[in-house]
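Have the viewer open while you read.

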Amino acid sequence: MHLLRLALASLTNRRFTALLTVFAIALSVCLLLAVERVRTEARASFASTLSGTDLIVGARSGPVNLLLYSVFRIGNATNNIRWESFRHFAEHPRVKWAIPLSLGDSHRGYRVLGTTPAYFEHYHYGRQQPLELKEGRAFAADPFEVVLGAEVAEALHYRPGDEIVLAHGVAKISLTRHDDKPFRVVGILGRTGTPVDRTLHIDLAGMEALHVDWRGGVPAQGSARIDAERARRLDLQPKAITAFLLGLDSKIATFAVQREINDYLGEPLLAILPGVALQELWSLMGTAEQALFVISLCVVLTGLIGMLTAILASLNERRREMAILRSLGARPWHIAGLLVLEAFALALAGILLGLALLYLGILLAQGPLQAAYGLYLPFAAPSAYEWLLLGAILLAALPLGGVPAWRAYRQSLSDGLSIRL
Amino acid sequence: MPRSLLALSLLLLTAGLARAEEPHRHSEHAHGEALAAHEHGSAQLNLALDGEILEIEFASPAMNLVGFEHAARSDAEQARVAEVRARLEQPLDLFGVPSAARCRVQEHSLHGALLDPDEVAGHEHSAIEARYRLQCSAADALEGLNLAALFGTFPATRKIQVQLIGPHGQQGLELGPERTALEF
C-alpha cells in the first residue's frame, strides 16, 4: 500500500509526462474498443435487418450483390426482373407471401422503394418484429402516397399531409425531378435501426406512374406529358421490378423452391437464402476486420511502448529519488515494485480514460453514424470480450513495467548511495 | 485467313441480327437451361431441419465420389459405382447423424448419369445428386452433424458448401477435411 502511494506521489511529481503517457494509452485503448464495437454492431445490425424471409430473388448475379442491393440498399441491381416472373412465383403453391421491391428513384439522398402493402404486413426485422406505423397509415388506393422511414421523416422534418417530389436516379443532386407528380406523406414508420428507416415507401403503381410518360430514358415533353390526374386513371401494372422477397409455408420447401427459381427458364433468376448470403458477406469482410483489429492492437502496443520509454527515460532523473528511498531503508525489490506499480497505474489510468473517451465518442457520434451509415452504436457496458481485451492490456503492462524495474533493481544495487549527482 | 475471319464475323453478325429480329417470345424456353457449376473437389450440401423432419440434399461431381465421370465400362469401374451407391444409401453413417436423435430414412433418391445407365450420358461432366428425408423421433437430440465419415469415404472431396436451415435460422458454411462438424 505504501508502495502504491509512493508510486502515485512520484507520478504526481512528473504529472505532465505521466498525463501524456496516460493519454497515449487512452487513445489507443479507445481506438481498439471502437473498432471492436463498430465490428460487432455492424454485424448485429446487418443480421437483424431481415428476419422471417426464406428467399430473396433477383436477376442472376452474385448472392452478396443481391443481398446488398435488395435489403441494404447498397449498390445497384445488375438487371431487373419481369413482373410475370414475380407473379409466377408469388402464386407458387409453397409460397405463403411475396413482397416485390422496385428501386431506382430517390428523394434528397434517401432511396425510394416501390412495393405493395404486403411489405408492411410481412417484412420483419430483428427478432421477428413487424414494421409499425408511428403515425398515419400505409399507402392505399391512390398511387401518389408515400410512407416514410423514421430517419427520413426526422431528418427532413416531414409530417403526414406534406407533399414531396421524388427524383430520378439515386444521386444526391439529381437533374431529373418528378415534379409533375408530387407524393403525399400518409404515414411514418417507427424506428427500426435498419435501412427501412432511411427509405421512402411508395406503391408499385406510383413507381410506374412516375415513369409512365417517359420515352427513351427522359420525361416526355409538352402534350405527351401525362399529369398525375391522368396517370391515376391509367393501368399502372409494372412491367419490371428489382427483386422480391418470399416467405414459404415450410422451411423444408426452401431448397426445392430455390432450385426451381434458379432453374426457371423464363429468365435468369437467382434465389438466395439471406442467412447464407450474409455469412458469405462476413467471410468477405472478415479479412478487412481482422486487419483493422491487428492495426488497433499495434496501436495499443505502441501506446504501451511509449509508456515504457517514458518510465525508462525517467529512471536517470530519478536516481536521487531511488537513493533517498534506499537510504530510508527501501530494499531493491521495493524499488522494482515501485516501478511495476507505476506502469500498472499508468496503464489502468489509460484504460479508464480510454473507456471515458469511447463513451464520449459514442455519445457524440451516435446520431451522425445512424444518419449516415444506419449503424446504431448502443450506449452499453463493455462486453465480456471487451473486458478480456482490457484485462489483457493491463496484464501486458506488468511485464513492460518489469523492464525498468529490472534496471532500477540492478542500479540500486550498484549505485547504492555512492551516486554522484 | 483474314477473309474467312471476315466471313465468320459476318455470319455471326447476321445470326445475331436474325435473333434480334425474332419477336421476343416470353416462353419458358427462351433462355435455355441454366448450367450448374461443376468444380472437382467441391460439393454442395443443403440441410433443412423442421420439427422431426431432416432433409438432406447432397450434390457432388461424380469425380469426387467415384473417381471418374464416364460411364462405368470395366468390371472394376462397375464395382466402384456399386460401392459408391451402397455408401450413399447409408446416409445416417455418411453424414454422421447422431444415433441419439433416433432418425430413420423415410425417403431417399439417387440421381446421376453414372448411377442410372439408362440416363443419356455424353455430357462432359457428370454429377451425382442424393436426396434424403429423415424422420427423427428425438429431433431435440439432433444438435449437429459430423461429416468426418463422408470426407473419409470420399477423400477427393476437399470442401463442401453447406446451406443450412435450422431452428436458429439460416446459416451458410464451408466444411473441409479439417473442419467436419456443423451445428443446427
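In chain B, strand β1 (residues 42–50) runs parallel to strand β6 (residues 159–166), and 7 bridges join them. Everything here comes from a predicted model, where local features need pLDDT of at least 70, side-chain atom pairs count only at pLDDT 80 or more, and totals for chains, interfaces and linings use all residues. Residues are numbered from 1 along each chain as its sequence is written, with chains lettered from A and ligands numbered from 1 in the order in which they are written.

A quick word on terms: helices (H or I, at least four residues) and strands (E, at least two) are DSSP runs, numbered from the N terminus, and two strands pair if DSSP finds at least two bridges between them.

β1(B) is also joined to strand β2 (residues 53–61) of chain B, again by 7 bridges, but here the strands run antiparallel. The two form a hairpin with 2 residues between them, and Gly51(B) in the turn has a positive phi of about 65 degrees. Some bridge partners to look up in the viewer:

| Residue | Bridge partner | Partner strand |
|---|---|---|
| Gln44(B) | Gln161(B) | β6(B) |
| Asn46(B) | Glu57(B) | β2(B) |
| Leu49(B) | Leu54(B) | β2(B) |

Zoom out and there is an open sheet of 6 strands in chain B, ordered β3-β4-β2-β1-β6-β7, with mixed pairing. The edge strands are β3 (103–112) and β7 (169–175) of chain B, each pairing on one side only. On average, neighbouring strands of the sheet are turned by 10 degrees against each other, direction ignored. Axes are lines fitted to C-alpha atoms (for helices over the stretch in contact), and angles run from 0 to 180 degrees between N-to-C directions.

What packs on the sheet from chain A? Helix α10 (residues 274–317) of chain A does, touching β6 and β7 of chain B, and its direction makes about 45 degrees with that of β7(B). Contact means that the C-beta atoms of two residues, placed from the backbone, lie within 7 Å.

As for chain B in general, there are 5 helices and 8 strands, following the pattern α-β-β-α-α-α-β-β-β-α-β-β-β along the sequence. Of its 184 residues, 30% count as buried. A residue is buried if 20 or more other C-beta atoms lie within 10 Å of its own, exposed if 12 or fewer, and partly exposed in between, with C-beta atoms placed from the backbone. Among chain B contacts with a separation of 6 or more, 65% are between residues 24 or more positions apart.

Now the contact between the chains: 18 residues come from chain A and 20 residues from chain B. On the chain A side, α9 (254–262) and α10 each supply at least two residues. α10(A) gives the most, with 5 residues. By class, that side has 7 nonpolar, 6 polar and 5 charged residues. Ala, Val, Leu, Ile, Met, Phe, Trp, Tyr, Cys and Pro count as nonpolar, Asp, Glu, Lys and Arg as charged, and the others, Gly among them, as polar.

Chain A itself is divided into domain 1 (2–46 + 285–415) and domain 2 (55–272), with bounds from an automatic or database domain assignment. The C-alpha centres of the two domains lie 50 Å apart. Across the boundary, 4 residues of domain 1 are in contact with 6 residues of domain 2. The domain 1 side of that contact divides into 2 nonpolar, 2 polar and no charged residues.

Next, the cores. The largest nonpolar core has 66 residues, and those touching the most other members are Ile56(A), Val57(A), Val146(A), Leu148(A), Phe244(A) and Ile272(A). Such a core is a set of buried Ala, Val, Leu, Ile, Met, Phe, Trp, Tyr and Cys residues joined through C-beta atoms within 7 Å. A second, separate core of 42 residues includes Val81(B), Val84(B), Leu115(B) and Phe151(B).

Phe244(A) sits in strand β14 (residues 243–248) of chain A. Why does Phe244(A) count as buried? Because it has 26 C-beta neighbours inside 10 Å. Its C-alpha atom is separated by 6.6 Å from that of Gly58(A), 186 residues apart along the chain.

Lys96(A), in strand β3 (residues 95–107) of chain A, is partly exposed, since 13 other C-beta atoms lie within 10 Å. Not counting residues up to four places away in sequence, Lys96(A) touches Gly247(A), Leu248(A) and Asp249(A).
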